[in-house]
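Visitor: I have a structure open and would like someone to walk me through it. Can we start with how the helices pack?

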Amino acid sequence: MERLRELCRLNGIELKEEHYEKLEKFKELLKKWGRRINLTSLLEDREIEEKHFFDSLLGLKAFKEVGIEVEGVPICDVGSGGGFPGIPLSVVLETSPFTLVEPRKKRCVFLEEVKRQLKLKNVTVECKRIEEVDGDFKLLTMRAVEDPEDAVEITKHLLEKGSVLCIYRGRESFGGELPGYRVSEVTVRPKGVDFIRRFLFVEKI
């Protein structure tokens with residue numbers, strides 16, 4: 001985990017040794033399962049540590065910047081897929097209950113295996129569409145979202161209950177409007193990598 005350690009050190013993200021050990025185990029599971037069920041095209045150690053683990057953990061900086069307290073509060077990872085950003089965040093935020101929502105059965109089986117192997121007592125896997133999930137979540141996370149409007153549409157039943165939606169986006173700034181919602185954008189320019197991450201926070205007015 002040398003690359004992840006280096007990036008976390010450069011960017012002031014503090015992980016315990018046990019966190020690195022769990023993420024190492026997660027990386028091996030990703031490589032093992034990734035070839036079988038098409039979890040991710042990124043299967044090299046450096047790519048996984050940089051573009052999956054570190055990228056997921058950048059959310060911690062964005063949450064802090066907008067003043068969202070994430071320690072000990074219920075969080076839902078929408079369309080969790082291979083477990084991003086949900087698994088890396090749940091490893092670090094040990095006191096926060098995480099619900100990983102993923103409609104595809106094979107990926108749910110993988111997420112359950114990750115939960116078991118990493119002994120993540122704070123994680124629940126829901127094998128269903130987000131529209132079928134009910135709960136009082138402080139924060140919803142989504143990664144690899146093409147259209148923020150679609151993301152709001154499928155999570156609006158949770159946003160109406162007070163959840164804040166955090167969308168991990170690329171370098172493109174969001175220039176649109178979401179009527180009825182307060183939208184704030186946070187740009188994180190991490191050291192040691194050549195990408196920018198924008199985070200869109202959406203909450204019901």
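Guide: Helix 1 (residues 2-10) and helix 2 (residues 17-37) have axes that come within 11 Å and cross at roughly 140°. Keep in mind that this is a predicted model.

Visitor: What do you call helix 1 relative to helix 2 at that angle?

Guide: Oblique: the angle of roughly 140° makes helix 1 oblique to helix 2. The crossing of these two helices is right-handed.

Visitor: Which residues make the contact?

Guide: On the helix 1 side they are Leu4, Arg5 and Cys8, and on the helix 2 side Glu17, Tyr20 and Leu23. Arg5 also lies over the face of Tyr20, at 4.3 Å from the ring centre.

Visitor: And helix 2 with helix 5, what angle there?

Guide: About 155°, with the axes 10 Å apart; helix 5 covers residues 105-118. That angle makes helix 2 roughly antiparallel to helix 5, because angles over 145 degrees count that way. The crossing of helix 2 and helix 5 is right-handed.

Visitor: Which residues of helix 2 meet helix 5?

Guide: They are Lys22, Lys25, Phe26, Leu29, Leu30, Trp33 and Ile37. Their partners in helix 5 include Val109, Phe110, Glu113 and Val114.

Visitor: New topic. How many aromatic pairs are there?

Guide: A search of the whole structure finds seven. One of them is Phe53 with Phe84, a tilted pair with 6.3 Å centre to centre and 40° between the planes.

Visitor: Where do Phe53 and Phe84 lie?

Guide: Phe53 lies in helix 3 (residues 45-66), and Phe84 is in the loop between strand 1 (75-78) and helix 4 (86-92). The pair therefore ties together parts that are 31 residues apart in sequence.

Visitor: Are Phe53 and Phe84 buried or exposed?

Guide: Both Phe53 and Phe84 are buried. They also belong to a cluster, in which ring pairs link Phe26, Trp33, Phe53, Phe84 and Phe110.

Visitor: What about Phe63 and Phe201, why is that pair edge-to-face?

Guide: The ring centres of Phe63 and Phe201 are 6.3 Å apart and the planes are at 80°, so the pair is edge-to-face. The cut-off for that label is over 60 degrees.

Visitor: Where are Phe63 and Phe201 in the chain?

Guide: Phe63 is in helix 3 and Phe201 in strand 7 (residues 197-204), so the pair links distant parts of the chain, 138 residues apart.

Visitor: How do Phe63 and Phe201 score on relative accessibility?

Guide: Phe63 has a relative accessible area of 1% and is buried. Phe201 has 3% and also counts as buried, because the limit is under 20%.

Visitor: Which lysine lies over the face of Tyr181?

Guide: Lys204 does, at 4.9 Å from the ring centre.

Visitor: Now the backbone. What kind of peptide bond joins Phe84 and Pro85?

Guide: A cis peptide bond, with omega about 0°. Most peptide bonds are trans. Pro85 lies in the loop between strand 1 and helix 4.

Visitor: What is phi for Lys119?

Guide: Near 55°, which is a positive value in a residue other than glycine. Most residues other than glycine have a negative phi.

Visitor: Where is Lys119 found?

Guide: Lys119 is in the loop between helix 5 and strand 3 (123-126).

Visitor: Is Lys119 buried or exposed?

Guide: Exposed, at 59% relative accessibility.

Technical notes: Residues numbered from 1 in each chain as written. Predicted model: local features only at pLDDT ≥ 70, side-chain atom pairs only at ≥ 80, totals over all residues. Heavy atoms only, no water. Phe/Tyr/Trp six-rings, centres within 6.5 Å; stacked < 30°, edge-to-face > 60°. Helix = DSSP H or I, 4+ residues; strand = E, 2+ residues; numbered from the N terminus. Buried < 20%, exposed > 50% of the residue type's maximum accessible area, 1.4 Å probe, protein only. Lys NZ or Arg CZ within 6 Å of the ring centre and 35° of its normal. Axes fitted to C-alpha atoms, helices over the stretch in contact; angles between N-to-C directions. Parallel < 35°, antiparallel > 145°, perpendicular 65-115°, else oblique. Left-handed = near helix turned anticlockwise from the far one by under 90°. Contact = heavy atoms within 4.5 Å.
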